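This report covers the pockets, cavity, cores and confidence of one protein model. Please read it with the structure open.

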Amino acid sequence: MKKFLVLFTGIFIAVLCLAVTGCKAKSENKTQSSEKPEKNIIVGFSQIGAESEWRTCNTENMMQAANEAGIQLIYSNAEQKQENQIKAIRSFIVYQVDVIVFCPIVQDGWDNVLQEAKDANIPVIVVDRKIRTKDNSLYAGYIGTDSLEEGRNAGRFLLKKYKNASGPINIMELYGTIGSSVSEGRNQGFHEIIDKDPRFSVVYTESGDFLRSRGKEIAENICSESPAGTLKVNGKTIHAIYSHNDQMTLGFLEILDNYKIKCGKDITMITIDAEQSAIDELCRGKINCVIECNPKMGTQVMEFVKSLVANKPIPAVTYVPETVFTEYDALDQIAPRGY
């Protein structure tokens with residue numbers, strides 16, 4: 001029998017309203033035996049959505065890790081809406097899960113619902129994206145990517161790529177979701193590096209909300225107003241594009257191909273996530289640098305869940321290991337990504 005339940009939030013809440021009086025019967029109703037049964041751990045997991053291969057891999061990895069650990073996972077897809085995540089977390093509180101795990105779509109606006117979880121003695125683990133709270137004791141810990149370092153790695157690659165160039169070097173930044181910790185970190189880390197070099201200048205920034213469709217839309221708007229075969233914004237030629245995720249990048253590349261603009265050669269492309277599709281474009285020479293954002297954190301999350309259930313603390317911050325892939329590497333030796 002599968003150890004996790006995949007439920008749509010609306011259906012889940014409706015079922016709770018009918019069954020709330022029986023919610024507490026987790027392991028108490030099991031048949032007594034000569035040996036004390038191991039506690040049946042239940043985790044409520046609120047995911048942002050399924051907008052990319054990265055996100056799908058992250059969800060599947062979490063489910064697989066829960067299954068292997070013998071943990072029941074109640075899954076809720078927020079469909080890119082914070083209000084859906086808040087509803088899901090409240091549903092998990094009503095259900096009296098042992099631990100709540102959630103990937104916050106934005107940083108702010110969680111204090112009230114996390115206080116409710118704390119009042120119910122349910123610890124919370126934040127994954128992938130960070131949050132801002134007035135009281136850090138409202139959640140047990142964070143595990144995910146180091147978005148600041150991802151941004152720094154993007155900047156470091158540009159320094160290497162253009163070490164012999166005189167400049168100026170005009171950069172376009174495809175920003176992720178406004179208000180998300182990963183976008184803010186990737187932006188801040190990038191500027192920590194490039195702002196020290198007067199040759200580099202970000203001449204245009206626009207949010208693509210981490211979506212492929214938005215990457216295509218932004219590219220179409222810019223390309224349609226640029227001279228044939230070039231990419232210009234406000235009269236300035238773009239030399240490099242720094243994209244906060246692969247999906248926006250892939251959408252952008254699709255439109256550049258339509259307009260016969262040679263990305264990877266005439267324009268340097270840097271992207272973050274390291275989906276297989278982005279690695280493929282790196283191998284084809286259309287992307288110059290791919291920075292990994294590791295989605296496979298499920299095993300560590302489930303270890304933290306077990307610690308919290310045993311009333312043991314977990315680290316306040318845990319970063320998953322990540323790699324940088326560039327045009328200077330032996331590209332034929334990159335292992336399949338799996339997402």
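## Second largest pocket

Helix H6 gives five residues to the lining of the second largest pocket, the largest share. Helices here are DSSP runs of H or I with at least four residues, numbered from the N terminus. The model is predicted: local features need pLDDT of at least 70, side-chain atom pairs count only at pLDDT 80 or more, and totals for chains, interfaces and linings use all residues. Residues are numbered from 1 along each chain as its sequence is written, and side-chain values use heavy atoms, without hydrogens and water.

The pocket's volume is about 210 Å³. Its lining has 17 residues, and Gln107, Lys130, Ser147, Ser181 and Gly185 are the closest to the centre. Two elements give two or more residues each: helix H5 (147-161) and helix H6 (181-194). By class, the lining holds five nonpolar, six polar and six charged residues. A pocket is an open set of points on a 1 Å grid over the protein atoms alone, with protein on both sides within 12 Å along at least five of seven lines; lining residues have an atom within 4 Å of a point. Volume is the space filled by probe spheres set on the points, which are joined across faces, edges and corners.

## The cavity

The structure holds one cavity of 30 Å³ or more. A cavity is a set of grid points where a 1.4 Å probe fits but cannot get out. Of its 13 lining residues, Trp54, Arg55, Arg129, Phe210 and Asp273 are the closest to the centre. Helix H2 (53-69) and H6 each give two or more residues. The lining divides into four nonpolar, three polar and six charged.

## Nonpolar cores

The largest nonpolar core has 49 residues; Leu158, Met172, Leu231, Ile241, Phe252 and Leu256 touch the most other members. Core members are buried (under 20% relative accessible area, 1.4 Å probe, protein chains only) and joined through side-chain atoms within 4.5 Å. Helix H8 (residues 246-258) gives the largest share of this core, five residues.

Beyond four places in sequence, Leu256 contacts Cys223, Leu231, Ile241, Ile261 and Cys263. Contact means heavy atoms within 4.5 Å.

A second, separate core has 27 residues, including Phe45, Val101, Val127 and Ile143.

## Confidence

The protein chain averages a pLDDT (predictor's confidence in each residue, 0 to 100) of 90, and 89% of the residues score at least 70. Over residues 1-37, pLDDT stays under 50. Where pLDDT is low, the predicted coordinates should not be read in detail.

Methods
Ala, Val, Leu, Ile, Met, Phe, Trp, Tyr, Cys and Pro count as nonpolar, Asp, Glu, Lys and Arg as charged, and the others, Gly among them, as polar. Buried means under 20% relative accessible area, exposed over 50%, partly exposed in between (1.4 Å probe, protein chains only).
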